[in-house]
Amino acid sequence: VQLQASGGGLVQAGGSLRLSCVASGLTLTMYEMGWFRQAPGKEREFVVSLSRSGGVPSYADSVKGRFTISRDSAKNTIYLQMNSLKPEDTAVYYCAAGDFLRLPRTPVDYWGQGTLVTVSS
């Protein structure tokens, strides 16, 4: 199994980025899929998750209304559209596959390698 994340970069505050995570060795309907992030000097934190059925996503309060998760089953890919970016969104973003991703300290079955997002003020 491999989760290949991409799309990070440097953007000014207020800008947008779209992250992608291509899954190989699993299909998106087998797992809850999500995104986490880790800012410098901080613990990794939950950002958003999407159920196996692709139903209503669950967002962290800090990104609600600005970030949108989606998936393309044909491409076995999930996306994270990030709008109205803030400097505090600066972090390495990781895609993940597992269950109950929103719950603290939930074991994650698979992690992507991370992609760096830097938001300048």
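Strands are DSSP runs of at least two residues, numbered from the N terminus. The model described here is predicted.

Is Asp-89 buried or exposed? Asp-89 has a relative accessible area of 1%, so this residue is buried. Its side chain makes a polar contact of 2.9 Å with the side chain of Arg-37. A polar atom of the Asp-89 side chain also lies 2.8 Å from the backbone nitrogen of Lys-86. Setting aside neighbours within four places in sequence, Asp-89 is in contact with Arg-37, Arg-66, Phe-67, Ser-84, Val-117 and Val-119.

**The nonpolar core**

In soluble globular proteins, nonpolar side chains tend to be buried together. Here the largest nonpolar core has 36 residues. Those with the most contacts inside the core are Leu-3, Trp-35, Val-47, Phe-67, Leu-80, Met-82 and Tyr-93. At least two residues each come from β1 (2-6), β3, β4, β5 (45-50), β7 (67-72), β8 (77-82), β9 and β11 (115-120). Which strand gives the most? That is β9, with five residues.

Not counting residues up to four places away in sequence, Met-82 touches Gly-15, Ser-16, Leu-17, Leu-19, Arg-66, Phe-67, Tyr-93 and Val-117.

**The disulfide**

A disulfide is a covalent bond between the sulfur atoms of two cysteines. The count in this model is one disulfide. Cys-21 is joined to Cys-95, with 2.1 Å from S to S. The pair links distant parts of the chain, 74 residues apart. Cys-21 sits in strand β3 (residues 17-24), and Cys-95 sits in strand β9 (residues 91-98). The torsion about the S-S bond is about 60°, so the disulfide is right-handed. Both Cys-21 and Cys-95 are buried.

**The aromatic cluster**

A pair of aromatic rings is described by the distance of the centres and the angle of the planes. There are four aromatic pairs in the model.

| Pair | Centre to centre | Angle between planes | Arrangement |
|---|---|---|---|
| Phe-36 and Trp-111 | 5.0 Å | 70° | edge-to-face |
| Tyr-94 and Trp-111 | 6.2 Å | 80° | edge-to-face |

Phe-36 lies in strand β4 (residues 32-38) and Trp-111 in strand β10 (residues 108-111), so their pair ties together parts 75 residues apart in sequence. The other pair runs from Tyr-94 in strand β9 to Trp-111 in strand β10, 17 residues apart.

How accessible are these residues? Phe-36 is buried, with a relative accessible area of 8%. Tyr-94 counts as buried too, at 14% relative accessibility. Trp-111 has a relative accessible area of 36%, so this residue is partly exposed.

Together with Phe-46, the residues Phe-36, Tyr-94 and Trp-111 form one aromatic cluster.

Notes:
Residues numbered from 1 in each chain as written. Heavy atoms only, no water. Disulfide = S-S within 2.5 Å. Helix = DSSP H or I, 4+ residues; strand = E, 2+ residues; numbered from the N terminus. Buried < 20%, exposed > 50% of the residue type's maximum accessible area, 1.4 Å probe, protein only. Phe/Tyr/Trp six-rings, centres within 6.5 Å; stacked < 30°, edge-to-face > 60°. Core = buried A, V, L, I, M, F, W, Y, C linked by side-chain atoms within 4.5 Å. Contact = heavy atoms within 4.5 Å. Polar contact = N/O pair within 3.5 Å; in protein donor to acceptor, adjacent residues only side chain to side chain.
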